[in-house]
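User: I'm new to this one and would like to learn how to read it. Could you walk me through it feature by feature?

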Amino acid sequence: MEESLSEQRLNFLRQSIGKVITNSPSNFMNWLAPVLIRAENGVLVCQYTVRREMTNPYQILHGGVTAGIIDDLIGATVFTMGLNDRFTTVNNYIDYFAPATEGDEIVAETSIVKRGKTILNLQCEIFLPAKKRLIAKGYSNMLNIG
């Protein structure tokens, strides 16, 4: 039996489990340098090390970088679904709950909330495991553009 597109993509991604992602088609993801922890259909888990250039003047993780992690990982999650169509972000809604500082290891996990033909709704939660804290949670709607 032939592998589905989702399984082909997941098998490709799973080769990077435990490694820093440096060869993503997303240059932003390469800059973020996540370590892939888990890859399933509609679910990605990555760990990020907060670097100095990711912080704001208060030396905490910049909200824009947090938003970028959420947007980028949600986009990569759509890739795991094996859809033939392309999707783009139409909105992001993010709640920020707690800070992370340079050197902290944070973990982001995505999941599908609702899968429609035209719009996909996904969420991403970012945790600071060392302090057992949820630091941010975001939702995105992804529009099918063909």
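User: Let's begin with charges. How many salt bridges does a search of the whole structure find?

Analyst: Here's the general idea: side chains of opposite charge can pair when their charged atoms come close. Keep in mind that this is a predicted model. Searching the whole of it turns up five salt bridges. One of them is between the side chains of Arg38 and Glu109, at 3.7 Å from N to O.

User: Why does the pair of Arg38 and Glu109 tie together parts that are apart in sequence?

Analyst: Look at where each partner sits. Arg38 is in strand S1 (residues 35-40) and Glu109 is in strand S4 (residues 105-115), so their pairing ties together parts 71 residues apart in sequence.

User: Are Arg38 and Glu109 buried, partly exposed or exposed?

Analyst: For that, check the relative accessible area: under 20% is buried, over 50% is exposed, and partly exposed is in between. Arg38 has 36% relative accessibility, so it counts as partly exposed. Glu109 is partly exposed too, with 31%.

User: Which residue forms a salt bridge with Glu53?

Analyst: That's Arg51, and the closest N and O atoms of the two are 2.7 Å apart. Glu53 has a relative accessible area of 48%, which makes it partly exposed. Arg51 is partly exposed as well, at 22%.

User: And what does Glu125 meet in a salt bridge?

Analyst: The side chain of Glu125 meets that of Lys137, 3.4 Å from N to O. Glu125 lies in strand S5 (residues 119-128) and Lys137 in strand S6 (residues 133-144), so this pair ties together parts 12 residues apart in sequence. There's also a network: Glu7, Arg14 and Glu40 are joined into one by salt bridges that share partners.

User: Strands keep coming up. In what order do they form the sheet?

Analyst: To read a sheet, follow which strand pairs with which. Here six strands form an open sheet, ordered S1-S2-S4-S5-S6-S3, with antiparallel pairing. S1 and strand S3 (87-96) are the edge strands, each pairing on one side only. On average, neighbouring strands of this sheet are turned by 20 degrees against each other, direction ignored.

User: Can we zoom in? How many bridges join S4 to S5?

Analyst: Eight bridges join these two antiparallel strands.

User: Is Leu122 buried or exposed?

Analyst: Leu122 is buried, as its relative accessible area is 0%.

User: How do the lining residues divide into nonpolar, polar and charged?

Analyst: The lining of the largest pocket has 11 nonpolar residues, six polar and one charged.

Conventions: Residues numbered from 1 in each chain as written. Predicted model: local features only at pLDDT ≥ 70, side-chain atom pairs only at ≥ 80, totals over all residues. Heavy atoms only, no water. Salt bridge = Lys/Arg side-chain N within 4 Å of Asp/Glu carboxyl O. Helix = DSSP H or I, 4+ residues; strand = E, 2+ residues; numbered from the N terminus. Buried < 20%, exposed > 50% of the residue type's maximum accessible area, 1.4 Å probe, protein only. Nonpolar A, V, L, I, M, F, W, Y, C, P; charged D, E, K, R; others polar. Pairing = 2+ DSSP bridges. Axes fitted to C-alpha atoms, helices over the stretch in contact; angles between N-to-C directions.
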